[in-house]
Amino acid sequence: MLARSFSCAGLTAPVRSRLCLRPVLSCRRSVTTDAASAHIKSTIPEAQDEKFTVNLSPDVFETYNLDAPSTEIQVTKREMKQMYYDMASIRRMEMAADKLYKEKKIRGFCHLSTGQEAVATGIEHAINKEDNVITAYRCHGFAYLRGATIKSVVAELLGRRDGIAYGKGGSMHMFTKGFFGGNGIVGAQVPVGAGIAFAMKYMGRPNTTFALYGDGAANQGQVFEAYNMAKLWDVPVVFACENNKYGMGTSAGRASALTDYYKRGQYIPGLKVNGMDVLAVRQASRFAKEYTVSGKGPLVMEFVTYRYGGHSMSDPGTTYRTREEIQAMRSTQDPIQGLKQKILEWGVLSEEELKAVDKEAKQTVDKEVKEAEESAEPDATLKTLYEDIYVPGSEPAYLRGRTAEETFYY
């Protein structure tokens, strides 16, 4: 039986956390982080697109002023295979970014989502391309699933012309249709997400917006301002906290008086979700979309997840938590291994077929990473520098530089 929570796993809190009078988050979580707690009661159909019933564990959800989503879900073999492929691709891409950063080919800020792949994948499989997503700076997986190529994401990290923002944005600023970043200011994307959702309502579109932020950003004042405005106008927005237990190097229990982030909305209902189980994330996200577009207003979600690496590449991630804690999560509650276990156990794919999926993901990512490394750097000209500041056709006659000699004429 896999460990069902940090406390059940017997994880030892770092010394600084143990000295804190307020209990740390690992002692307070009740939603399971078991990545393989689902089960089936019937046989799996042969057809790839024929739905079958999966029963999620009863403790994958916890609610606040809300009826919980059903734990009985419908899924197909093809959908499970695609979810596995997507998570494996994100993991491989992030590992490649880690390697390139250590080789000093990627510079500056770089925040990886290794361990948190089920959140981005589950959300993407619950919404459509007309829905919207906005998140903070741990955004590479979201950008890829929203429609970016691996090459464009990695080229952006490398500062190359083929990058998704032409090499000007780097790790924290990636955009594509239906994806509004990648935002570097802590918590700033939350009110922007509320604004995007308001636009959906204003235009009469049946779409929702997922505005994601971390537990470290959850105490920002602008988050609560966005809550208030969204509830006043019943905006179709999902405020989704990716709670990976640590805001930079500070455990949630040392930084937040209330670590039940799904209850933070007060007058907005909340839903806490096992963020290590991609099937639970998908079901909760579908529920959230249906809830918000039905006219009931916003919803606050909390995805209980975990990052294996540090806050960013400059953070080793082991000074404020033990190596044993990280290893326990990797070995017992990994989202990719959890789904893999169910795919094999239920006979969705054979072991050989699953190896072929892994091989395909590896080869595709490696090929696109190589192409990104070979792509050209932007031309070192003023023209390149002043591109993309204005919508094409709306540029002024000129743009002033630091001095009159640096004035650029369009």
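This is a predicted model: local features need pLDDT of at least 70, side-chain atom pairs count only at pLDDT 80 or more; totals for chains, interfaces and linings use all residues.

Reader: Ok, and which residues have the most contacts inside the largest nonpolar core?

Author: F210 is one of them, along with M80, I123, V273, L279, M301 and W346. That core has 74 residues. Its largest share, 11 residues, comes from helix α2, residues 77-102.

Reader: Is there another core, or what lies apart from that one?

Author: Another core of 21 residues lies apart from it, with V190, Y213, A217 and V235 among its members.

Reader: Switching to strands. In what order do they sit in the open sheet?

Author: There are 6 strands, in the order β2-β9-β10-β6-β5-β4, and the pairing is mixed. β2 (61-64) and β4 (132-134) each have a single partner strand, so one side of each is left without a neighbour in the sheet. On average, neighbouring strands are turned by 20° against each other, ignoring direction.

Reader: How do β4 and β5 run, parallel or antiparallel?

Author: Parallel, with 3 bridges joining β4 to β5, residues 209-214. For example, N132 has T209 in β5 as its bridge partner.

Reader: And which strands does helix α6 touch?

Author: Helix α6 (residues 189-202) packs on the sheet and touches β4, β5 and β6 (237-243). The direction of α6 makes about 175° with that of β5. Then there's helix α9 (residues 278-296), which lies across β2, β5, β6, β9 and β10. Helix α9 runs at about 175° to β10.

Reader: New topic: how many aromatic pairs are there?

Author: The count comes to 11. One is Y246 with Y320, a tilted pair at 5.3 Å centre to centre, with 55° between the planes. Y246 lies in strand β7 and Y320 in the loop between β10 and α10, so the pair ties together parts that are 74 residues apart in sequence.

Reader: Are those two buried or exposed?

Author: Y246 is buried, at 3% relative accessible area. Y320 counts as buried too, at 6%.

Reader: What about Y398 and Y409, what kind of pair do they form?

Author: A tilted one, 5.7 Å centre to centre with 50° between the planes. Y398 is in strand β11 and Y409 in strand β12, so the pair links parts 11 residues apart in sequence. Y398 is partly exposed at 44%, while Y409 is exposed at 58%.

Reader: Last one: which residue lies over the face of Y166?

Author: That's R161, at 5.4 Å from the ring centre.

Terms used. Residues are numbered from 1 along each chain as its sequence is written. Side-chain values use heavy atoms; hydrogens and water are left out. Two strands pair if DSSP finds at least two bridges between them. Helices (H or I, at least four residues) and strands (E, at least two) are DSSP runs, numbered from the N terminus. Axes are lines fitted to C-alpha atoms, for helices over the stretch in contact, and angles run from 0 to 180 degrees between N-to-C directions. Contact means heavy atoms within 4.5 Å. A nonpolar core is a set of buried Ala, Val, Leu, Ile, Met, Phe, Trp, Tyr and Cys residues joined through side-chain atoms within 4.5 Å. Buried means under 20% relative accessible area, exposed over 50%, partly exposed in between (1.4 Å probe, protein chains only). Rings of Phe, Tyr and Trp (its six-membered ring) pair if their centres lie within 6.5 Å; planes under 30 degrees apart count as stacked, over 60 as edge-to-face and the rest as tilted. A charge sits over a ring if NZ of Lys or CZ of Arg is within 6 Å of the ring centre and within 35 degrees of the ring normal.
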